[in-house]
Amino acid sequence: MRGLKAFLEWGGTRREAACLALSGLALAASLLGLRPFGLEPAWAAILLCGVPIVAEAAAGLFGAFDIKADVLVSLALIASVAIGEVFAAGEVAFIMQLGGLLEELTVAKARAGIEKLVHLTPQTARVLRDGRESIIPAGQVRVGELLRVLPGEGVPVDGVIVSGQTSINQAVMTGESLPVDKRVGDEVSSGTVNQFGAFEMRASKVGEDSSIQRMIRLVQSADAGKARIVGLADRWATWIVVTALSAAALTWLFTGQLIRAVTILVVFCPCALVLATPTAIMAAIGNATRHGFLVREGDALERLARVKVIAFDKTGTLTYGTPEVVDVASVTDTYSKEQLYRLAASAEQLSEHPLGKAIVRCGKKELGGELAQVGSFSMLPGRGVSARVEGKQILAGNLELLHEHGVPMAPPPGAEEAVQKGCTVTYLAVDGVFAGYLVLSDTLREESADMVQRLNALGVQPVLLTGDHENAARTIAGRLKIPAVQANCLPEDKLKAIGQYQAAGQPVCMIGDGINDAPALKRAEVGIAMGGVGSDIAVDAADIALVDDEVKELPHLAALAKRMMATIKVNMTFSMVLDFIAIALAINGTLNPVVGALVHNAGSVLVIVNSAFLLGWEERRPR
């Protein structure tokens, strides 16, 4: 009894695999004519594979009047056993359990994205009451209270800065990797991270009204709203059962031979129909894996085949998500571009700001050699840096930095043009004189343009949904020839945009990499996350993860999904034609239950073989 209990408590998939292995051995022994202890070995297949099918069918039928494919299978099993055709019953039970196991293997693993979002919520807050600072649970903060946030801490609630200036990492809300400079009067959101300067803020939205809590609710609602696909065999189960029973009853009525009626039930079992979908999905998933995709939802490719719109996040998806120096301009004859670049990169060596690090990284790569030593250095949150390099006082930062230090200047036309294109400009002053500027921009992935073109060739419309500002979004969309653009998107904005496409009858696939993309990844028919650069939460929310971030493979995946559905339709058509031919032969007595089961199961094997061709299938690229 202990052994039986342990077996029943064993993992479901492993238990089913063990039952199938034992049943297969039993059927092989039966074919060889072996009769250990005088017993028919096929009974093992009936007990291990058939009894669970009958029990589940009975529970569904009598408990909720839910007619599925297993109802007809159960009738065929019982009828075969009743007339002594034990081997035929064992065959049917084995092939049906095989199909069930394949379906289970394509079901996604449990995801933990919502729990990870909860962990992002700051647990404590520094509240200033009566001039004294005290640390309390973030959930106890009241609207209107004064809070202090130190560098490196998360913002506990939504609010407005009342003193201080800083840079805030807002990736959790907008997906943009660069921090945003904040000053008095600017709003800050819960869950974002204070990077550099300390500041004081007044709480405006707390508890369930805060930004991070709204994000959690969006993810939950989006997941609940996503439709689940029902297996094709179960979708048509009622008609299959009615047709099979009618054919069997009429054959018995007119011929008076029960064995012909039972044979009809056996050959009408939707074995090949049940296998048509999961075998094709398994093979397509294997193909997708070779191209760098981790398919986390079993029916994701089936949904992807129906997609009409693919919505892209920008940063980290179409672009690399890391700023690069794309231009250096000198406005004085005193310093060349190279000299100015070296001074700027040297001054930024001790900076912790992503823009400063980008200038240093690009400077070392472009200029070669070591940078100059830095003397006195100070970082000014929300402004830039001040440093002494080679005896010169360097200021590198935004316009406010230079104005506050009394540097007379007006932004050059080239700098203003770069800002209009969505680039970031770092201005430089040497010994109190404006000397030039550096232009930084997120760089487009080399393969993005070709990828978008191939998607268009497949009849899929690309759309850009980004938290970046309008100029940067329009610039990238123009270079990629993406006509539809929505910029400055918060998570709820992306969710709304996807909902509008869905309401217009255009299924959407969302591709993103940030925490802010999680609700949209959940709501879309298919969510694809960048597995390499993307956040864990985005991957958990997605149906498919692009492991190596090679977006050039996205058209292959879309084409593979369509090819998979074509294979499924061929499998279904073949299985139904074979069934009707076998029924006709069963009615005139040509087939008995055992031969009928063999013919029928041979059709199941052919379905599996046809599906297997998907493993090596490759997309035909347009010339």
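This is a predicted model: local features need pLDDT of at least 70, side-chain atom pairs count only at pLDDT 80 or more; totals for chains, interfaces and linings use all residues.
Local features need pLDDT of at least 70, side-chain atom pairs count only at pLDDT 80 or more, and totals for chains, interfaces and linings use all residues. Residues are numbered from 1 along each chain as its sequence is written, and side-chain values use heavy atoms, with hydrogens and water left out.

Two packed helices are described by the angle between their axes and the distance between the axes. Helix α19 spans residues 448–457 and helix α24 spans residues 554–587. Helices are DSSP runs of H or I with at least four residues; strands are runs of E with at least two; both are numbered from the N terminus. The axes of α19 and α24 lie 8 Å apart, at an angle of about 20 degrees. Axes are lines fitted to C-alpha atoms, for helices over the stretch in contact, and angles run from 0 to 180 degrees between N-to-C directions. The two helices are therefore roughly parallel (angles under 35 degrees). From α19, the contact (heavy atoms within 4.5 Å) involves M451, R454 and L455; from α24, it involves L554, P555, H556 and A558.

An open sheet contains 7 strands with mixed pairing. Their order is β10-β22-β21-β20-β11-β18-β19. Strands pair if DSSP finds at least two bridges between them. Strands β11 (residues 309–312) and β20 (residues 508–512) run parallel and are joined by 4 bridges. F312 has I511 of β20 as its bridge partner.

Conventions:
Angles under 35 degrees count as roughly parallel, over 145 as roughly antiparallel, 65 to 115 as roughly perpendicular and the rest as oblique.
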